[in-house]
Every structure is written in structure tokens, then in C-alpha cells.
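The paragraphs below go through some aromatic side chains and then turn to a ligand site. Please keep the structure open while reading.

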Amino acid sequence: MAGHFKLLPILLLALFTLTVTSQQLIGSINCGGVDLWQWSSDFTFIPWGSDDNLVSNGEARVVPSSNSLFVQVMNTLRVFTSQKKNCYPKEVTLGQKVLVRASFYYGNYDGLSKPPTFDLHFDGNFWTTVETSSTELTVHEITYVTKGNAVSVCVAQTKHDQFPFMSALEIRSVASGVYDEDEVDNNRALFLINRFAYAPSDPPPSISRNALTSTTDSLVVTTLSPSNGPYYIITYYSEVNSSSKRSFELYETSTSGSNSLWSRPLSPSYGSVDQRYIYNYTVDSITTISLNATVDSDLPPLINAIEVFRVGDVLTSGTDSNDVEAPGSTIVAGKKKSKLPVILGTTIPSFLLIWIAAGIITIVRRKMKPANANGSATG
Ligand SMILES: *[C@@H]1O[C@H](CO)[C@@H](O)[C@H](O)[C@H]1NC(C)=O
Ligand SMILES: *[C@@H]1O[C@H](CO)[C@@H](O)[C@H](O)[C@H]1NC(C)=O
Ligand SMILES: *[C@@H]1O[C@H](CO)[C@@H](O)[C@H](O)[C@H]1NC(C)=O
């Protein structure tokens, strides 16, 4: 046991070094709940704070244990039965790039089996219409550059007798090199549609390290519909086999035919991460994006991760009316130097992090009084 305690600070250090490289926590709000530490679905171990001192309105509620989710913070919520619109404010630095993730789990907390629908806003902009469920978690995530010195996330009632609520709100700062202004218009928010990282715990076809490789010469990586765009799509590649030639191209296949998205064949680098992205991409019918091996490739296509965003309208600027809309750009496609993507934290160290966190939780549970981690670790 003593050996474990000496390891604890090293384990904690490793954990935080790996997870905060591309993101810093600004706030993790456990709506209607208490302060606690929680292992999160994107493989970070983070402190959550109660919303008691953040909002004066609303009532705290608990999801019945029969419907409770594995993630503890999702089992409490704050419901707003008065005022049409209720907001969570959080201070940030003007011009900071932030990732905001709002989670909603109805879980039949009120026993009425009537999951409500309501609107979500951020900083005075419409975000989305939230449709909640008795059995499933609803999560919405955006990334944008702030135009003021606070992030304000609001729920707004749109239907009589359907009361808005929120289960959890996470705000993180994102390193400025991620979704950089040389590829995106920073006057617009990016609405996450889909993020997939092929980790060792996912069991699809044949996985070598954290990549998905196909057994055939093509691999469909996403399907896009015309209504959700325009899109910003980022794909990540890292070679796992240095001894053979792998080469493939990205294709779009729509009901109206097939076109190459990127003309130059791609051979991922071994030991580093390559990205390919496309911005302001629109489709006019249901379209699949696939990786197709070139004729001279010895190996099938490979991919490590993909993120698909909807590019939003130009953000309202609050107090600043001098914002100039960036000139319209046509589709941009290209290769850039690998900058740590937000999702890297989930692709590369995920199983290592699970292992570390399991170790920490075990140690903390077994030995620690809730007081002081350092004191206990050395004691
Ligand atoms: C690329 O692969 C997709 C998916 O298998 C396929 O539908 C499409 O026809 C292929 N395109 C070319 C040009 O081979
Ligand atoms: C690399 O690819 C070759 C086939 O070209 C295969 O024989 C070998 O096992 C692969 N190595 C790894 C590490 O996957
Ligand atoms: C996207 O492209 C269209 C024209 O194809 C242009 O009008 C628009 O301004 C572009 N949007 C962005 C965000 O670059």
C-alpha cells in the first residue's frame, strides 16, 4: 500500500499533463447537484462544482435511481419554472477560444414521463432546440471565440407546460492553434455534429493501435445531409505500419455521382499525426465521405479520428459593433502541420488514462479521508 501512495502524485501529474495539453477547464457545473470529482466520458478526471451560487432561480431535482446514469453529474438537474429565459454566466477572457458543452438528462425526474423541448442560447445567439429523453442523455457542444468577457448559456421555454432544465455545463478554453483562424472563420461558432476517435476499446473491424483500418480497399467515414451544413470536417491519420506502402484518397459519393474531395493521394506519417480538413463544405444530397485506396497501395485505408461540425452564422457581437465579416471563402482543402487537436486526449492516451484513473479512484477510496490529497499521499 505504501508503494501506491508514493506513486499517487506521479499518477496525478501524468493524468493532468495528458489531459490539459489542448484544453483548460474554465468551469464544470453540476446543475442541481453538489461539488464532486467525476471521471468524464471524454476521458478526463475533473472537479465539478455545484450551481448553487451561480443561479438564483430554478429548483434542484434528482433523477430517480431506477433511471440513473453511470455518470453521476447527469443524475441531478436544475429546472426553471419561472422566467422565460434563464442563464448560466461564467467569466472568460475576451477573445478566448472556448468549448461549451451542455448536457440534458430528463430521466423522468418529475414522474410525468413528459420529456420537455426547449431552446438553448449562448451569448445572445440561438444555439439549438433541445429535445430531451427519459432514457438518453442529450449533449450539445460548440466551439467559438468569445466576443465578450463572459460566456452565458441560457435555456428558454418555448412550449407551455414544458419547463427547461440543465443537467451539466462544461466550459473549457481551447488552445488557439486548434481549429485555427487559418482554416476557419473565427466570427462563427462550430457546432459539433459528430466526433469519433478510434480507440482500443472500440471493437470495429481490425484495429491496430488506435486506428481503424479497413479490410477492403475503401472505408466510409461519415455521411452528410444537406440540411446540417455548411460543414467543417477534420480527419486525423497516423501510420501504424512502417514497412509497407499505404496510399488513399478522400472521395465524396452522393446520389448525383462521385467526385474526389482531395486530389492528392495521402500517405499518413509514421509516429506523428496528419490532418486533412475541409471548411465551408456543402452537399446538395445525402453524401458519404470515404477513403479509397489508390491502385499502387499495398495496404487498405486507415483513419484515427474524425470531427464533423456545422459552421454557424456570424455571431452577434454584444457590445462590440465593429466586427467585420470575414470575406467569403470557397471550399478549402489542405494539409497542415499537426497541432494538438481537442480529441487527441481521447485517441492516444485513453486506455492509459482509464487505467490511471482506476488506480487513483481505488487508492482514494481505500485510504483517503476527504481532506487533503497531498497530506494523505505522503502520510
Ligand atoms: C470509394 O469508396 C466508396 C465506398 O466504398 C464507393 O462507394 C465509391 O464508389 C468509391 N469511389 C471510387 C472512385 O472508387
Ligand atoms: C505491415 O503490412 C504487411 C503487409 O504489407 C504485413 O505483412 C505486416 O504484418 C504489417 N505490419 C504491421 C505491424 O501491421
Ligand atoms: C461559404 O461559401 C459561400 C459561397 O460558396 C460564401 O458565400 C460564404 O460566405 C462562405 N462562408 C464562409 C464561412 O466562409
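In this predicted model, one aromatic cluster is made up of Phe-104, Tyr-106, Tyr-109, Phe-118 and Phe-165. Across the structure there are 15 aromatic pairs. In one of them, Phe-80 and Tyr-88, the ring centres are 6.2 Å apart and the planes meet at 80°; planes over 60 degrees apart count as edge-to-face, so this pair is edge-to-face. Both Phe-80 and Tyr-88 are buried.

Tyr-179 and Tyr-232 also form an edge-to-face pair, with 6.1 Å from centre to centre and 85° between the planes. This pair links distant parts of the chain, as its members are 53 residues apart. Tyr-179 sits in the loop between strand E13 (168–174) and strand E14 (188–197), while Tyr-232 belongs to strand E18 (residues 231–237). Why do Tyr-179 and Tyr-232 count as buried? Buried means under 20% relative accessible area; Tyr-179 has 3% and is therefore buried, and Tyr-232, at 0%, is buried as well.

A ring can also have a charged residue over it: Arg-310 lies over the face of Phe-191, 4.2 Å from the ring centre.

The ligand site comes next. Around ligand 2 are Asn-241, Ser-243, Ser-244 and Leu-299. By type, this shell has three polar residues, one nonpolar and no charged. An oxygen atom of ligand 2 lies 2.3 Å from a polar side-chain atom of Asn-241. For Ser-244, a side-chain N or O atom is 2.7 Å from an oxygen atom of ligand 2. Ligand 2 taken alone exposes 360 Å², and the protein buries 36% of that area.

Key. Residues numbered from 1 in each chain as written. Chains lettered and ligands numbered in written order. Predicted model: local features only at pLDDT ≥ 70, side-chain atom pairs only at ≥ 80, totals over all residues. Heavy atoms only, no water. Near = heavy atom within 4 Å. Polar contact = N/O pair within 3.5 Å; in protein donor to acceptor, adjacent residues only side chain to side chain. Areas by Shrake-Rupley, 256 points an atom, 1.4 Å probe, with all protein chains shown as cover. Nonpolar A, V, L, I, M, F, W, Y, C, P; charged D, E, K, R; others polar. Phe/Tyr/Trp six-rings, centres within 6.5 Å; stacked < 30°, edge-to-face > 60°. Buried < 20%, exposed > 50% of the residue type's maximum accessible area, 1.4 Å probe, protein only. Helix = DSSP H or I, 4+ residues; strand = E, 2+ residues; numbered from the N terminus. Lys NZ or Arg CZ within 6 Å of the ring centre and 35° of its normal.
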